[in-house]
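Morning, everyone. Let me put the model up on the screen, and then we'll walk through the contacts.

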Amino acid sequence: MRRPARLIGVLTGVTLTAACAPAQGPADGRLPAPPPTGVDPLTTVPPRPGAPTAEPTPAATCSPEGIAITELGVSAAMGLRAMGLELLNCGDRPYELSGYPAVTLRDADGDPVKVRIIPGAKPITSGFDHPPTRIVLAPGERAGAALIWRNLVTDPTVVATDGTELDVAPVAGRPAYPVALDGPIDLGNTGRLGVSAWERRRPGPADTPTPAAPPPPSTTPPANPL
C-alpha cells in the first residue's frame, strides 16, 4: 500500500527528532500534569500546530444491493501496475457475480478520462486472462479482481493521464460505486486499462473465526475404578 509507506516515513522522522531533543523541565519548577487515562506518553506524539494530518482511506459502506467494493493496494514493477479490488457480500442473502468489473476513471476535476478498457490484460501483460466464472457469494464472502496498466510515455506530444477518482460496478449494467484510491492511476499516455475477471477469494487469516477456547479442566476427581 502506498499510504502506509508515507506514514511510516513521517512517524520515523518525528520519533528521531523527539529522541534527539534535550529534556527541559517547566519554568516554574512544578511537575507536569499526568497524561490522560489510556494515553502512553512514550508512544503518543502530539500533532505539530498547523501541520496537515494524514487521512486514512475511508472504508466502503454497504450498498443498497448488499455489496462493498474497496481497493487493496497497488503492486508496481518496471512501469507495470496491478491494483487489487475486493468485493464483499455485506448483505444478508447470496450475491451472484459473473464477469468483469465495469470501471470508469475521472480526473482531478471530476471529468471522465478517455481510456480503453480491456477485458483481461493480454495486450498489456500475461497472467490475468482467466475467463469469467459464475460465483455465488454467501453473506460475508469475498471476490477479487485486478486493474492492470503500464505507466509509459511513448509519445511526447500526448499528455500523460492520471485517473484520481474511480467508479466500479460489479459488472456492466449494475450500479457503479465510488472506490477510494490511495494514489492516482498513472496511465502515462498508453490509454489502456486491463481488468481481470472476478474470482472467489479464499478466506485469509483475518477472515477465519477464532477457534473456541478449550473447556477448563474439571476439578472433580475421577471415580474409583471397580
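This is a predicted model: local features need pLDDT of at least 70, side-chain atom pairs count only at pLDDT 80 or more; totals for chains, interfaces and linings use all residues.

Let's start with the cysteines. How many disulfides does the count come to? It comes to one. The partners are C62 and C90, with their sulfur atoms 2.1 Å apart. Now place them on the chain. C62 sits in the loop between α1 (2-20) and β1 (67-77). C90 sits in the loop between β2 (80-89) and β3 (95-97). So the pair ties together parts that are 28 residues apart in sequence. As a reminder, a disulfide is a covalent bond between the sulfur atoms of two cysteines.

What about handedness? The torsion about the S-S bond of C62 and C90 is about 100°, so this disulfide is right-handed.

C62 has 39% relative accessibility, so it counts as partly exposed. C90 has 29%, so C90 counts as partly exposed too. The cut-off matters here: buried means under 20%, and exposed means over 50%.

Next, strand β2. Seven of its ten residues are buried, so by the under-20% cut-off the strand is mostly covered. Which strands pair with it? On one hand there is β1. β1 and β2 run antiparallel and pair over ten bridges. To find your way along that pairing, look for G73, which stands opposite G84 in β2. The two strands form a hairpin with two residues between them. In that hairpin, M78 takes a positive phi near 50°.

The other partner is β7, residues 142-150. β2 and β7 are also antiparallel, joined by nine bridges. Here, pick out L87: its bridge partner in β7 is A143.

Now the charges. The count comes to eight salt bridges. I'll show you some of them.

Stay on β2 for a moment and find R81. Its side chain meets that of D186 in a salt bridge, at 3.1 Å from N to O. R81 is in strand β2, and D186 is in strand β11, residues 185-188. That links distant parts of the chain, 105 residues apart.

Move to R106. Which residues does R106 meet in salt bridges? One is E165, with the closest N and O atoms 2.2 Å apart. R106 lies in strand β4, residues 102-106, and E165 in strand β9, residues 165-169. So that pair ties together parts 59 residues apart in sequence. R106 counts as buried, because its relative accessibility is 19%. E165 is partly exposed, with a relative accessible area of 29%.

R106 also meets D167, and the side chains form a salt bridge at 2.8 Å, N to O. D167 lies in β9, while R106 lies in β4, so this pair ties together parts 61 residues apart in sequence. D167 counts as buried, because its relative accessibility is 17%. So R106 and D167 both fall under the 20% cut-off.

E86, R142 and R201 are linked in a network of salt bridges.

To recap, there is one disulfide, by the count. β2 pairs antiparallel with β1 and runs antiparallel to β7. And the salt bridges include R81 with D186 and R106 with E165. That's my tour. Over to you.

Technical notes. Residues are numbered from 1 along each chain as its sequence is written. Side-chain values use heavy atoms; hydrogens and water are left out. A disulfide is a pair of cysteine sulfur atoms within 2.5 Å. Helices (H or I, at least four residues) and strands (E, at least two) are DSSP runs, numbered from the N terminus. Buried means under 20% relative accessible area, exposed over 50%, partly exposed in between (1.4 Å probe, protein chains only). Two strands pair if DSSP finds at least two bridges between them. A salt bridge is a side-chain nitrogen of Lys or Arg within 4 Å of a carboxyl oxygen of Asp or Glu.
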